[in-house]
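Please look at the sequence and the 3D structure, try each task, and then read the solution.

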Amino acid sequence: MKTMWNDIKKYTSKNIDKNLQIVRISEKYLPKASGLRYYPLVVLKAMGSRVWDIDGNEYIDFLTSAAVYNIGHTHPKVIESIKEQLERYINYTLGYFYIEPPITLASLLAEITPGGYEKKVTFGFSGSDSVDSSIKAAKAYTKRRYIISFKNSYHGMTYGALSATGIIDSAVKGVIHPIKDFHFVEFPDPYRNPWNVDGYENPEELSNLALEQVEAKIKELNEDVAGIIVEPIQGDAGVIIPPSSFIKGLRKLTEEYGIVFIDEEVQTGMGRTGKWWAIEHFNVVPDVIASAKALGGGMPISAVIGRSEIMESVPAPLFVFTHMGHAVNASAAIATIEIIKEEELAKRAERLEKYVIKRFREMAEEYGIIGDIRGKGLLMGVDIVKDQKSKTPDKITALKICWRAWEKGLILITFGKHGNVLRIAPPLNIPKEDLDRGLEIIEESIKDTLAGKVPNEITKFLRGW
């Protein structure tokens, strides 16, 4: 690995000497399982939609730390809320006493989540533990054993969340012997699916095939199913948007069989898709919502918001973490909600969606390597293929585009079940000039890649999906 990083400078003229010093230390002390890292970028400063590395290179951010900074980096209102809370106290465990910030946050989350029923909220630190808590609630409430999840889903890396995740290779997961209570079914991908149905032309047919498989699995498990956990838009699978009839049909099945509908909004929530929650695009009200990532404006906090009777079915102390609802993090989350409301960021994401998709469609007419273009709000995936007719995923070309974009000053990575999708997730308040320049860099990077200006050798440095 040391030799590899010594070689990297052969393939770029970018000034990265200080970055490489930290990268080498990282390789020495951090295990490979701790990341899927791309190019050598060590963050020194971040503000708004811009990031600077320790060599002084400046970037426009189209990743936002994996869709965390919906409100942009270091938003002044979030910084002020953190400072004010730090001056009062850092935290005191909610497990034994009461502190105001998480209680206020719980009331706000109950207000902005769909459903007119009474709700209760529990807190953690990451999307992974919000998934774990959702599963606890579903099992406690129904007194049933199994959870149905979807192939190519991503729910996190704690033990329960990893067991629920469908995108990690089963052989890789098998090393840690995941919980066997999870069963996987197909998610209806309109672009590529095992039934070879064009889901854009025939959405009802695709929905019905997927729903039939879900119901068959419920029956196979003798209806001993506590919950179905679903991303309303599969994120790390490559922004897979199912037909509306599928989500509605899934909700109907959960009601018919008395199953808890767990809406996993870790990546899709907090205005990212043009609404507070992606489930709202489907006019469906879930039983439980799992939230994290963007919730804290950059501070680590997660929340599970659910029907009171479901949340109250969990016996004490099974929701307790010592620092749950951490006062500083909860204060940042309150400020984040206020910012999204005041700046109308969900509406802005909805407006920019049309503009960005139009730009990519124009590129697709010019460059045959752009296949499907998917997005809601500013959560988008651009599918890179060998050619548009075959739809064959082209991971190598996608990685080379990202490499070139990094050289030109854009943070862009790949994801998706085939590792070939460009991940587009800038801040919802990104200035128009930064958005335009980022799109220009992507087009320039595509041109350079197709012109043979990006060597294949660079792919050995990128450890993406």
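**Exercise 1. Describe how helix α9 passes helix α10, and find which residues meet.**

Solution. Start with the handedness: α9 passes α10 in a right-handed crossing. (A crossing is right-handed if the near helix is turned clockwise from the far one by less than a right angle, and left-handed if anticlockwise; helices are DSSP runs of H or I with at least four residues, strands are runs of E with at least two, and both are numbered from the N terminus.)

Next, take the geometry. The axes of α9 (residues 203-220) and α10 (residues 244-257) come within 9 Å and cross at roughly 25°. Axes are lines fitted to C-alpha atoms, for helices over the stretch in contact, and angles run from 0 to 180 degrees between N-to-C directions. The two helices are therefore roughly parallel to each other. (Under 35 degrees counts as roughly parallel, over 145 as roughly antiparallel, 65 to 115 as roughly perpendicular and the rest as oblique.)

Then list the residues. On the α9 side the contact is made by P203, E204, S207, A210, L211, V214, E215, I218 and K219, and on the α10 side by S245, F246, G249, L250, L253 and Y257. Contact means heavy atoms within 4.5 Å. Sorted by type, the residues of this contact are nine nonpolar, three polar and three charged. (Ala, Val, Leu, Ile, Met, Phe, Trp, Tyr, Cys and Pro count as nonpolar, Asp, Glu, Lys and Arg as charged, and the others, Gly among them, as polar.)

Before you go on, keep in mind that this is a predicted model, in which local features need pLDDT of at least 70 and side-chain atom pairs count only at pLDDT 80 or more, while totals for chains, interfaces and linings use all residues. Residues are numbered from 1 along each chain as its sequence is written, and side-chain values use heavy atoms, with hydrogens and water left out.

**Exercise 2. Work out how α4 and α12 are arranged.**

Solution. First, the numbers: α4 (residues 76-88) and α12 pack at an angle of about 150°, with their axes 8 Å apart. The pair is therefore roughly antiparallel. The crossing of α4 past α12 is right-handed.

Now look at who meets whom. K77, V78, S81, I82, Q85 and L86 of α4 touch residues of α12, including A327, V328 and S331.

**Exercise 3. In what order do the strands of the seven-stranded open sheet lie, and which are at its edges?**

Solution. Read the order across the sheet: β4-β10-β9-β8-β7-β5-β6, with mixed pairing. (Two strands pair if DSSP finds at least two bridges between them.) The edge strands are β4 (119-124) and β6 (182-185), each pairing on one side only. From one strand to the next, the twist averages 20°.

β4 and β10 (residues 302-307) pair in the antiparallel sense over six bridges, and K120 stands opposite G306 in β10.

**Exercise 4. Find the order of the four-stranded open sheet, and the helix that lies across β11, β12 and β15.**

Solution. The order is β11-β12-β15-β14, with antiparallel pairing. β11 (370-376) and β14 (413-415) stand at the edges with a single partner strand each, so one side of each is left without a neighbour in the sheet. The twist here averages 30° from one strand to the next.

Three bridges join β14 to β15 (residues 421-424), and I413 stands opposite R423. The helix is α13 (residues 345-366), running at about 180° to β11.

**Exercise 5. Where is the cis peptide bond, and which residue has a positive phi although it is not a glycine?**

Solution. Most residues other than glycine have a negative phi, and most peptide bonds are trans. The cis bond joins A316 and P317, with omega about 5°. P317 is placed in the loop between α11 (308-311) and α12 (327-342). The residue with the positive phi is T64, at about 50°, and T64 lies in helix α3 (residues 64-67).
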